[in-house]
Amino acid sequence: MSLVLDPPIRQEREYSVTPPALRPAAPALPLARSLWQRGWLRKSVILVLLAALWETIARWQNNDLLLPTFLQTAQAFAEGIASGELLDRVRVSLSVLLQGYVIGILAAFALTALAASTRIGRDLLETLTAMFNPLPAIALLPLALLWFGLGKASLLFVIVHAVLWPLALGAYAGFQSVPETLRMAGRNYGLSGLRFVLHILVPAALPSIVSGLKIGWAFAWRTLIAAELVFGTTAGQGGLGWYIFQNRNELYTDKVFAGLAAVILIGLLVDNVVFRPLETLTIRRWGMQR
């Protein structure tokens, strides 16, 4: 008995596949264009152009008392660094600033944690921020002088006020934007109270918290300089604001601009050395911010 095989349902064929053509590599960018892609270089060019514009306007005006040239300001800045006077004033200001900033962060975290975990805490935070956040910190300086006297305690009081409310408001807004699914996941794991805040709310609201830290730092820094312009002596030593005020009274305008330049440079340094790496290591690395 012979077996008859059924023909295949689909005819089998062999096809020769042409290997894909390799795309030629993109030509290397010219050196000038490659360098221009770097952000730090573009910003440096902007700073150089601003310095040149400053120098041109100052030379055209030809009045060192009103507007010293960029070179005169740079010389005064270098002399202040070399003599140690400017560094001592910066050290005094930063010492007071860091103390007030840390106290403000701790107070804001305690108030926000209470608001995130209890209803009365939420009502308390909303009421206090509505009352005190619009109030400029420097407006409280007369009361601070009356309550704490002429010294570091008055500066700390206005710095804490400058940091507390924007940071608490930013952190609370971040907590409010946490998705409900994350909240439910935390409750399923049995988290509540402070553990719920630390393990669920803080990581999810980190972009808003970092933004609040940056805003609080900026408010604290300019509040401190403004307060030091009023009296500015702590333990017999004046800060950077007092350095600016004294040189203004003595008509050393180049030193006044050198003090202002120190204020700006410290702000740039903190932003690029502290906050930018913090954002890179956390919220950008986790894909929470572009």
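Start with helix H5, residues 119–132. Helices here are DSSP runs of H or I, at least four residues, strands are runs of E, at least two, and both are numbered from the N terminus. H5 has 14 residues and reaches 20 Å from its first C-alpha to its last. That is close to the 20 Å expected at 1.5 Å a residue, where the expected span is 1.5 Å times one less than the number of residues.

Before I go on, the ground rules. This is a predicted model, in which local features need pLDDT of at least 70 and side-chain atom pairs count only at pLDDT 80 or more, while totals for chains, interfaces and linings use all residues. Residues are numbered from 1 along each chain as its sequence is written, and side-chain values use heavy atoms, with hydrogens and water left out.

Back to H5. Which residues of H5 are buried? Gly121, Leu125 and Thr129. Buried means under 20% relative accessible area, exposed over 50%, partly exposed in between, with a 1.4 Å probe and protein chains only. Seen down the axis of H5, these buried residues fall within an arc of 60°, so they line one face of the helix. The arc is taken over the directions from the helix axis to the C-beta atoms.

The face turned away from that buried side carries exposed residues: Arg119, Ile120, Ala130 and Met131. What covers the buried residues of H5? The cover includes H4 and helix H7, residues 152–176.

Look at the start of H5. A side-chain oxygen of threonine 118 reaches to within 3.1 Å of the backbone nitrogen of glycine 121.

Now over to H4, residues 85–117, and arginine 89 within it. Is arginine 89 buried or exposed? Buried, with a relative accessible area of 16%. Leaving aside neighbours within four places in sequence, arginine 89 is in contact (heavy atoms within 4.5 Å) with Gly238, Gly239, Leu240, Trp242, Tyr243 and Gln246.

Zoom out. The chain has 12 helices and 2 strands. From the N terminus on, the order is α-α-α-α-α-α-α-α-α-α-β-β-α-α. Of the 290 residues, 34% are buried. Among contacts with a separation of 6 or more, residues 24 or more positions apart account for 64%.

Last, the record. An unreviewed UniProt entry annotates "transmembrane region" over several spans, including 155–175 and 196–219. In the model, residues 155–175 are 100% helix and 0% strand, with end C-alpha atoms 30 Å apart. Residues 196–219 are 96% helix and 0% strand, and their end C-alpha atoms also lie 30 Å apart.

Conventions. A polar contact is a pair of N or O atoms within 3.5 Å; within protein, one must be able to donate a hydrogen and the other to accept it, and residues adjacent in sequence count only if both atoms are side-chain atoms. UniProt positions are given in the numbering used here, feature names are shortened, and annotations may be inferred rather than shown by experiment.
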